[in-house]
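Q: Could you take me through a helix and its surroundings, and show me how to read burial along the way?

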Amino acid sequence: MNMENMEQDEQNTKEIPEFYRDLKEDLNQNGLWYFTFRQNPKARRKPIQTPDNKPHKVDFKWSDLFGNKTNQIEIEVGSGKGHFLTEYAKKHPEISILGSEWDKTWAMTCLERLIKKNVTENTKMLCGDVFYFLRDAVPANSVDAFHMYFPDPWPKERHHKNRLLRPDFLVEVARTLKSGKRLFYWGTDHKEYNEVALDAFDHFDGCTVIERNTVLPTEGIMTGFETKYRKEGRPIYRSLIVFEK
Ligand SMILES: C[S@@+](CC[C@H](N)C(=O)[O-])C[C@H]1O[C@@H](n2cnc3c(N)ncnc32)[C@H](O)[C@@H]1O
């Protein structure tokens with residue numbers, strides 16, 4: 001490695017340190033799973049950094065969450081208050097669906113809705129950053145479909161780096177999807193983010209946008225944000241994408 005690369009590598013290491021994360025179920029709340037930094041008992045709030053700054057893979061199987069109901073697994077990225085997740089789960093008892101939220105308040109709100117609507121048999125809630133969960137825990141070839149509706153658009157240019165629909169996220173989506181033709185459901189109200197996302201799909205190997213900006217809510221089920229945005233008369237961009245491998 002030459003000096004320039006070393007400096008670059010050091011800089012990257014400084015910018016994106018790697019931490020141990022653990023997956024565990026809430027002791028008092030069945031169905032709520034945390035994928036969060038491993039706490040350092042010596043410094044209670046300080047997460048533990050991996051010594052080699054490499055991702056720490058977690059030993060995880062879908063049966064840890066869904067017992068023997070692992071034939072069909074789908075993931076919703078950023079479930080919000082869980083409007084879509086509950087209605088979709090009610091319609092599809094045959095599918096095991098993991099909702100995800102890094103915001104604990106939303107994760108709890110979502111789980112409360114799942115409990116109230118009696119769909120906890122085939123749903124679980126992940127509280128944590130879904131990108132790291134995919135990258136460090138989810139086995140390859142194990143997911144049937146992804147749903148991603150109205151993700152935070154981070155409209156300011158200096159915040160675009162926080163957007164989740166980015167090439168390294170798509171790498172994990174493609175890796176974790178089962179082989180054959182698998183679906184990714186996408187929706188947003190944000191014109192520019194939509195264009196960036198569709199461009200990312202278009203340029204991703206094995207990925208085809210089969211319906212572009214023409215799709216209605218998945219099986220007629222609107223998300224919480226969608227209901228609000230449609231009332232406000234905002235344009236909605238929904239597309240259907242196939243990952244083939
Ligand atoms: C704008 S809301 C949309 C919620 C819901 N999909 C809807 O349409 O009503 C986006 C949600 O994604 C969650 N989120 C954003 N990035 C995330 C990540 N990396 N992992 C898990 N949740 C995330 C946010 O906390 C937020 O609740």
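Predicted model: local features only at pLDDT ≥ 70, side-chain atom pairs only at ≥ 80, totals over all residues.

A: Residues are numbered from 1 along each chain as its sequence is written.

Q: Which residues of H4 are buried, and why do they line one face of the helix?

A: An α-helix has 3.6 residues a turn, so residues three or four places apart point the same way. In H4, the buried residues (20 or more other C-beta atoms within 10 Å of their own, against 12 or fewer for exposed and in between for partly exposed, with C-beta atoms placed from the backbone) are Trp 106, Ala 107, Cys 110, Leu 111, Arg 113 and Leu 114. Seen down the axis of H4, these buried residues fall within an arc of 155° (taken from the directions from the helix axis to the C-beta atoms), so they line one face. On the other side of H4, Thr 105 and Lys 116 are exposed.

Q: How many residues does H4 have, and what comes just after H4?

A: Helix H4 (residues 104–116) has 13 residues and reaches 18 Å from its first C-alpha to its last, close to the 18 Å expected at 1.5 Å a residue, the expected span being 1.5 Å times one less than the number of residues. Just after H4, Asn 118 adopts a positive phi of about 60°.

Terms used
Helix = DSSP H or I, 4+ residues; strand = E, 2+ residues; numbered from the N terminus.
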